Amino acid sequence: MRHEQKLSHYINAARSLNIEKYEKKIRVALLGSFTLNGMEETLKVKCSEIGVGCITYVAGYNQYNQEILNAQSDLYKFRPDIAFLLLDTRSVLGKIYDSPYTASEVERREFVEKKLAEVSHIIRSYVEKSDSKMVITNLPLPSYSPYGIYETKTVYGLRDMVIDFNTRINSMIKTLESAYLYDFDGFVRRYGESNVFDFRQFFIGDIKVSFEYIPHLVHDWVGYIKAVLGLNKKCIVLDLDNTLWGGIVGEDGFEGIRLGDTPEGKAFVEFQKILLALQQRGIILAINSKNNIDEAIRAIREHPNMVLREENFSSMQINWNDKVANMKEIAGELNIGLDSMVFFDDDPVNREYVRLSLPQVLTVDLSDDASEYAQNLMDMNDFHVLKITEEDVDRGKMYLEERQRKELEKSTTNLEDFLKQLDIRVLIKNANEFTIPRISQLTLKTNQFNLTTKRYQEEDIRDLVKKGDYWVGCAQIEDKFGNSGITGVFIVKKGKSEWSIDTFLLSCRIMGRKIEDGILAHILQKAKEGGVSTVRGTFVPTKKNKPCENFLSDFGFKKEGDDWVYRLSDPIKIPDHLRCDIE
Amino acid sequence: MTDKLYEIVSRVFNIPISQITDESGQENIESWDSFNVYVLLDEIETTFDVKFNLDETMEIKKVVDLRKLLQKHGMN
């Protein structure tokens, strides 16, 4: 089981917290059908540990209904960023929990319908009345039934009621953008009903999550807070010897490392399986290991029981360099921040060194026992995101392609040859229901190659499209190594004699391939076809967008006041290293 | 045992250990409410590896009650 501090530790630590000193803050409302004592304090302390000042509002005991339904309540005055609503089976089912079988099957079905309607109404009201996210729990499935072994033979008995409620509340949540379901039942399964629920504490204070388990529960909630604040981790950096396999390949040899077959070897295989599944959903894997590259690579490529192979690693620093230098190298190669990296190493000395030198990196306290590695990884709350997109799933593949591109770049003598050999294809698409979410996402998060850094929510983009005089488009980029997906966005305001570029951006993933020239040439051509005489652009400098500072002037735009203007009577130079198609 | 007990009480209620006596309890510790008493109990039970029953826990009004309970469970 994951190591946790006692509840009293959190209660004590909460007393001396100074929430004001944290730059990042989050406002959290806690609502529940039972006592939430201790949860608030634990949450505040756990947030402070990740540098977040947590401001809380705890609704009165079992007051969630009134608080949510009344638009004037203190809950809404508090203006939460996120609200947790905790429900427990006993409170929600009430009398029917104690005596499920005095009611008929029909009555039990009606009861669940009624409760579903009530709870759905509460969730909908909250989502409508506030801009906040809501996390609601499902109901823990009770293990006891007065029907005993006959319970599972009973049509729509207590067990079926809870399962039905949970399934349908979850379906309903899926239809709401800002509501999430916390699997409270899963939490109780993980730690055990007879541990989480302590009768003595229940009798004393209506406590339905016993003291020992409150910190574990709050640990799960912090996962949501990390996701909301974008503090989630994107990359796992791994040592090799005694981390991905047992033993030291340089000493024990290819045949000597322990991986699969033996009980000890199975522990490493299990750990790798969990890592692989994370990689498949978009977490980047990298290696940071002191080893002879030939021996290590041979094990990765050829060992029959390796689960992770070369193609699963987006960066491999296998050398005798310093581990900290390697970490920085990986961050640079992948173009991600050190603060989005996690480091796994069996050696406590290495861990301490990385932790002290690079406090931004999350260095995991691995167990001494490799059989716990898989659990250590599964216990982490650092990889959650509010939405998993197609781009996330393909991310690992994209980094692999990027590595192949870099290898080609090294083998060609000049940039022009390299770009020509890439066989770049730019597919221009207009904004539509399929592309709008991605267009919005790119305007929200692109900082480097972004001329104006205007941020647009999905709704804003839809409004622009509706206006009619805006051309909102995006570019999907492919080359011989693979498809980078939609990675460019442009928004052009179309006037009678002049078009102006409202937004022009490229994801950092495809920078340096002169793709911007292809997209801009396409816009200019379209303008010319439309009988327009000039295209106007602006560069709005920010701390981060230096990479596109000279883009307009290099292309041939002429300075005019604060803007840059292209006369369409001038010839448009069309780059010859790429092909531009229109969907 | 007494030292350890005082130390836990001091920690849970956030009061200097020098101010803890057998008579410390609901009458003179402001934060001594039912919730904090159970946080305290949870600590004591884990530290001393004992488990009090519900009746025993209901008797706890001050530190000396805890000391007696621990003695009853064989702690000295």
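Me: Which residues of S6(A) are buried, and on which sides?

Reply: Both faces of S6(A) are covered. A:Cys235 and A:Val237 are buried on one side, A:Ile236 and A:Leu238 on the other. Buried means under 20% relative accessible area, exposed over 50%, and partly exposed in between, with a 1.4 Å probe and protein chains only. Helices (H or I, at least four residues) and strands (E, at least two) are DSSP runs, numbered from the N terminus. In a regular strand the side chains alternate between the two faces of the sheet.

Me: What should I know about the model and its numbering?

Reply: This is a predicted model, where local features need pLDDT of at least 70, side-chain atom pairs count only at pLDDT 80 or more, and totals for chains, interfaces and linings use all residues. Residues are numbered from 1 along each chain as its sequence is written, chains are lettered from A and ligands numbered from 1 in the order in which they are written, and side-chain values use heavy atoms, with hydrogens and water left out.

Me: How many helices and strands does chain A have?

Reply: Chain A has 24 helices and 19 strands. Of its 583 residues, 55% count as buried. The C-alpha trace spans about 85 × 70 × 50 Å along its principal axes.

Me: Which domains does the assignment give?

Reply: Domain bounds come from an automatic or database domain assignment. For chain A they are domain 1 (7-229), domain 2 (235-378) and domain 3 (390-582). The C-alpha centres of domain 1 and domain 3 of chain A lie 45 Å apart.

Me: In what order do the strands of the open sheet stand?

Reply: Strands of a sheet pair through backbone hydrogen bonds, either parallel or antiparallel. Two strands pair if DSSP finds at least two bridges between them. Here, five strands of chain A form an open sheet in the order S8-S7-S6-S9-S10, and the pairing is parallel.

Me: Which strands stand at the edges?

Reply: Strand S8 (313-319) and strand S10 (362-363) of chain A do. Each has a single partner strand, so one side of each is left without a neighbour in the sheet.

Me: How many bridges join S6(A) to S7(A), and to S9(A)?

Reply: S6(A) pairs with S7(A) over four bridges, in the parallel sense. A:Leu238 stands opposite A:Ile287 in S7(A). S6(A) also pairs with strand S9 (residues 341-344) of chain A over four bridges, again parallel. There, A:Cys235 stands opposite A:Met341, and A:Ile236 stands opposite A:Val342.

Me: What about S9(A) itself?

Reply: Both faces of S9(A) are covered too. A:Met341 and A:Phe343 are buried on one side, A:Val342 and A:Phe344 on the other. Two bridges join S9(A) to S10(A), and the two run parallel. A:Phe343 stands opposite A:Thr363 in S10(A).

Me: Which helix lies across S6, S7, S8 and S9 of chain A?

Reply: Helix H16 (residues 323-334) of chain A. Contact means heavy atoms within 4.5 Å. Axes are lines fitted to C-alpha atoms, for helices over the stretch in contact, and angles run from 0 to 180 degrees between N-to-C directions. H16 runs at about 150° to S8(A).

Me: Where is A:Asp241 found?

Reply: A:Asp241 is in the loop between strand S6 (235-238) and helix H13 (249-256) of chain A. A:Asp241 is buried, with a relative accessible area of 11%. Leaving aside neighbours within four places in sequence, its contacts include A:Lys290, A:Asn291 and A:Asp346.

Me: Which polar contact does the side chain of A:Asp241 make?

Reply: A polar contact is a pair of N or O atoms within 3.5 Å; within protein, one must be able to donate a hydrogen and the other to accept it, and residues adjacent in sequence count only if both atoms are side-chain atoms. The side chain of A:Asp241 makes one with the side chain of A:Trp245, at 2.9 Å. The A:Asp241 side chain also reaches the backbone nitrogen of A:Val249 at 3.0 Å.

Me: How many disulfides does the whole structure hold?

Reply: Zero, over all chains. A disulfide is a pair of cysteine sulfur atoms within 2.5 Å. For A:Cys235, the nearest cysteine sulfur is that of A:Cys508, 14 Å away. A:Cys235 is buried, with a relative accessible area of 0%.
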